[in-house]
Amino acid sequence: MYWTLGIIYVALTVAFAADVLRNPALTTAGKVLWIAALILVPVFAWLVYGIWRLRESRGL
């Protein structure tokens, strides 16, 4: 059970970091801050960034 949760956590972390690094709307400082937020407060960072990306993709 714990291995499964660990694998899911690592997969989400890698996907999040890859998306942050590929996002042209972010400056280098913004990318560093998002990845730092991922390390310090992972679940909150996923939620906030996910909502922001959804709004960005819809043009809001």
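Reply:

**Aromatic residues and helix contacts**

Phenylalanine 16 has a relative accessibility of 6% and therefore counts as buried, the limit being under 20%. The model under discussion is a predicted one. Tyrosine 49 falls under the limit as well, because its relative accessible area is 3%. Tryptophan 34 is likewise buried.

These residues take part in aromatic pairing, and the structure holds four aromatic pairs. A pair of aromatic rings is described by the distance of the centres and the angle of the planes. For phenylalanine 16 and tyrosine 49, the centres lie 5.1 Å apart and the planes stand at 65°. Planes over 60 degrees apart count as edge-to-face, so this pair is assigned to that class. Phenylalanine 16 belongs to helix 1 and tyrosine 49 to helix 3, and the pair thus links distant parts of the chain, 33 residues apart.

Tyrosine 49 also pairs with tryptophan 34, and this arrangement is edge-to-face, with 5.1 Å from centre to centre and 65° between the planes. Here the link runs from tryptophan 34 in helix 2 to tyrosine 49 in helix 3, across a separation of 15 residues. Phe16, Trp34 and Tyr49, together with Trp52, form one aromatic cluster.

Helix 1 spans residues 2-22 and helix 3 spans residues 42-57; their axes come within 11 Å and cross at roughly 45°. At that angle, helix 1 and helix 3 are therefore oblique to each other. The crossing of helix 1 past helix 3 is left-handed. On the side of helix 1, the contact involves Tyr9, Leu12, Thr13, Phe16, Asp19 and Val20, which meet Pro42, Ala45, Trp46, Tyr49 and Arg53 of helix 3. Sorted by class, this contact has eight nonpolar residues, one polar residue and two charged residues.

Helix 2, residues 28-40, also meets helix 3: the two axes come within 6 Å and cross at roughly 135°. Helix 2 and helix 3 are therefore oblique to each other. Helix 2 contributes Trp34, Ala37, Leu38, Ile39 and Leu40 to the contact, while helix 3 contributes Pro42, Ala45, Trp46, Val48 and Tyr49. The class count for helix 2 with helix 3 is ten nonpolar residues, with no polar and no charged residues.

Notes. Residues numbered from 1 in each chain as written. Predicted model: local features only at pLDDT ≥ 70, side-chain atom pairs only at ≥ 80, totals over all residues. Heavy atoms only, no water. Axes fitted to C-alpha atoms, helices over the stretch in contact; angles between N-to-C directions. Helix = DSSP H or I, 4+ residues; strand = E, 2+ residues; numbered from the N terminus. Parallel < 35°, antiparallel > 145°, perpendicular 65-115°, else oblique. Left-handed = near helix turned anticlockwise from the far one by under 90°. Contact = heavy atoms within 4.5 Å. Nonpolar A, V, L, I, M, F, W, Y, C, P; charged D, E, K, R; others polar. Phe/Tyr/Trp six-rings, centres within 6.5 Å; stacked < 30°, edge-to-face > 60°. Buried < 20%, exposed > 50% of the residue type's maximum accessible area, 1.4 Å probe, protein only.
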